[in-house]
Number of protein chains: 2
Amino acid sequence: MSVQPHSSARPTLEDVAAKAGVSRATASRVLNASPRVSPEAHEAVTAAVVELGYQPNHAARALVTRRTGAIAVVFSEPEPKIFDDPHFAWLIRSAARSLSDVDVQMVLLLVHSPEDMARAERFLAGGHVDGALMFAPHKGDQLPAVARRLPLPVVYAGRPWGPLRGLHLVDHDNEGGGVLATEHLISLGRKRIVSVTGPLDEHSAMDRLTGWRSAVGASEADVALLTEDGGFSRDGGKRAMAALLARVPDLDAVFVASDLMAAGALDALREAGRRVPEDVAVVGFDDHPMIAPHTSPPLTSVQQDTSNQVKHMVTHLLRLLREEPIKARREVLPTVLVRRASA
Amino acid sequence: MSVQPHSSARPTLEDVAAKAGVSRATASRVLNASPRVSPEAHEAVTAAVVELGYQPNHAARALVTRRTGAIAVVFSEPEPKIFDDPHFAWLIRSAARSLSDVDVQMVLLLVHSPEDMARAERFLAGGHVDGALMFAPHKGDQLPAVARRLPLPVVYAGRPWGPLRGLHLVDHDNEGGGVLATEHLISLGRKRIVSVTGPLDEHSAMDRLTGWRSAVGASEADVALLTEDGGFSRDGGKRAMAALLARVPDLDAVFVASDLMAAGALDALREAGRRVPEDVAVVGFDDHPMIAPHTSPPLTSVQQDTSNQVKHMVTHLLRLLREEPIKARREVLPTVLVRRASA
DNA sequence: CACCGGCACGAGAGCGCTCTCACGAGGGGA
DNA sequence: TCCCCTCGTGAGAGCGCTCTCGTGCCGGTG
């Protein structure tokens, strides 16, 4: 019989406005929470939106606002790291959640090689995203330099290497955490406290070591004797622990700079016949929810709330995008000691 | 008020056309590789694009073509799985790479809970993406049902549960792989071949078991005696191997349905004092590049090329999006045995 | 009573692109 | 010679949204 104009098509703002008996402009005002709308109009539009199941057309909005509604999440990290370390999966998950909470699309960029870097730069320069969250902890990483010449707001996780001038970042108090962990071991009466460190080309690993060092009052020579790099991997942690055991047979406590390495360290201690915590007290770092509670014995660990960190990064970036005043370029989140059975 | 975000005035197609001395329509034709363009016009436009550093405005294009240029990658999987199993990181990486190769944005959706599912459904229904790649292997997963009522092209990895009618999927020949592995063990002269399976609420685990079963000619009772579920986790693999060792002391070979579990099984065998491959031959599954070559001894494994699978999924989905004729709704990729030291 | 400022709202102009359509030039068949 | 295709091209109409302006109405002020 008669033609149905928009029966199958997705409703547009025009349809909503018509149904609500207002103009498109007013409907738009309601959707964008403009204050200059009468309560009646507001209610009518809201009702029409619900009734029609209206969803704003993202492309049309992006076209006029010059905002894509998407941000890039960039990991610059050698490939094995990303796959070994559950920390990364956790970061990705946190980012996915934080961003979908605020209705922003996440575009994941994994940079393993120079070609990846070039591709990422092209993408970021292409105007596909409004901003970026960057994870580039390693010394010598090109990403910060690349990002610097892009007209794109960026928030870093932790301190990248190179000049910090003008950078926005959200870090954890790694040094404070190192102190916390070590002082806890001291308060337990431990006398010979060693440390398995992360790779020292990352500030976070460096800071944790600095925390341990200041708490035990270690000299340069002590550092060489009492610490070993475990590379932030499980196997590395095991190897480093074994090395320390060989070098410092009378050790009675160890601060391990990540839970994953701590899991490896526990393996090494077990194989060496040392009881935890009776013979050797162990404190990890991260309080990773998939690791710390599940080791045997459960791991005492310095908590850094990663999902909170990512949430802060997102909030910070959104504020940057809205050109709101920024309280501080750099945020440092606190770390807390979570006690379990290992120390 | 109206401050331009990146006021360095990105060139538009109009600018390109002006510089090339043609109309916007012709410039657009060149960019979209239309055949109806003279060589001279083509060259002039191409030169202008390069000179101006022109990048098409994605939003404007999306608005008129009604294509977002983005697709969703959805993982429906309990949370620990995603973080334990390097297979997932590998899948995510493969997807990220395959999609950026074809210049499509990837939106990652992780579904762990009913709320996540609702959120994902809303997102997918919201027209933010042109299609979706789905990883939902578990029995009882709601995702396929949700996807079915969405007007969105979807390609699955492996066979989801529930009716397959109308679904597009790219699977591996898991059963064939199981046969391959087991026949290899038989050809080695092994007589007592057991299997550590994956969770049998996944078709892939089921199929691998079926392959083993048909190769050894196992009865129902044999299955109960000679196989054990390792849950696709490393610890699970270790536990399952230990259980089999206790139940079938004279076993001389094992087919383990994933490399991660196989790594655990090797631990169990080592702890039990069995030499690999002398006492017990071990074949894994996945040929995971981060695991199989690095176990001791290196793992003989059935290769399933995950990145190839994802690439096929992407190709298939793009074909769906272009409404090109599809050869087959379901693709089954071959599996190959990769020999190393463990069998 | 005239005036003015504030407020809610509508008209309409784009944002940058694709795609339809119409048009002129050139070539081949009648 | 004329007609009709074909082919390359340009003009222009939107896609669905935001946002600036202008307008009419209200209450408060001089």
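Trainee: What should I know before I start?

Mentor: In this predicted model, local features need pLDDT of at least 70, side-chain atom pairs count only at pLDDT 80 or more, and totals for chains, interfaces and linings use all residues. Residues are numbered from 1 along each chain as its sequence is written, chains are lettered from A and ligands numbered from 1 in the order written, and side-chain values use heavy atoms, without hydrogens and water.

Trainee: Which domains does chain A have?

Mentor: Domain bounds come from an automatic or database domain assignment. Chain A has domain 1 (13-56), domain 2 (70-172 + 307-333) and domain 3 (174-303).

Trainee: How many residues of domain 2 of chain A are in contact with domain 3 of chain A?

Mentor: Contact means heavy atoms within 4.5 Å. Here 15 residues of domain 2 of chain A are in contact with 15 residues of domain 3 of chain A.

Trainee: What area is buried between domain 2 of chain A and domain 3 of chain A?

Mentor: Buried area is the accessible area (1.4 Å probe) that two parts lose on being put together, summed over both. The value is about 1200 Å², and carbon and sulfur atoms give 55% of it. On the side of domain 2 of chain A, A:Trp90, A:Arg159 and A:Trp161 lose the most area, together 37% of what that side buries.

Trainee: Which side chains meet in a salt bridge?

Mentor: A salt bridge is a side-chain nitrogen of Lys or Arg within 4 Å of a carboxyl oxygen of Asp or Glu. The rule finds one across this interface of domain 2 and domain 3 of chain A. A:Arg159 and A:Asp207 meet in a salt bridge at 2.8 Å, N to O.
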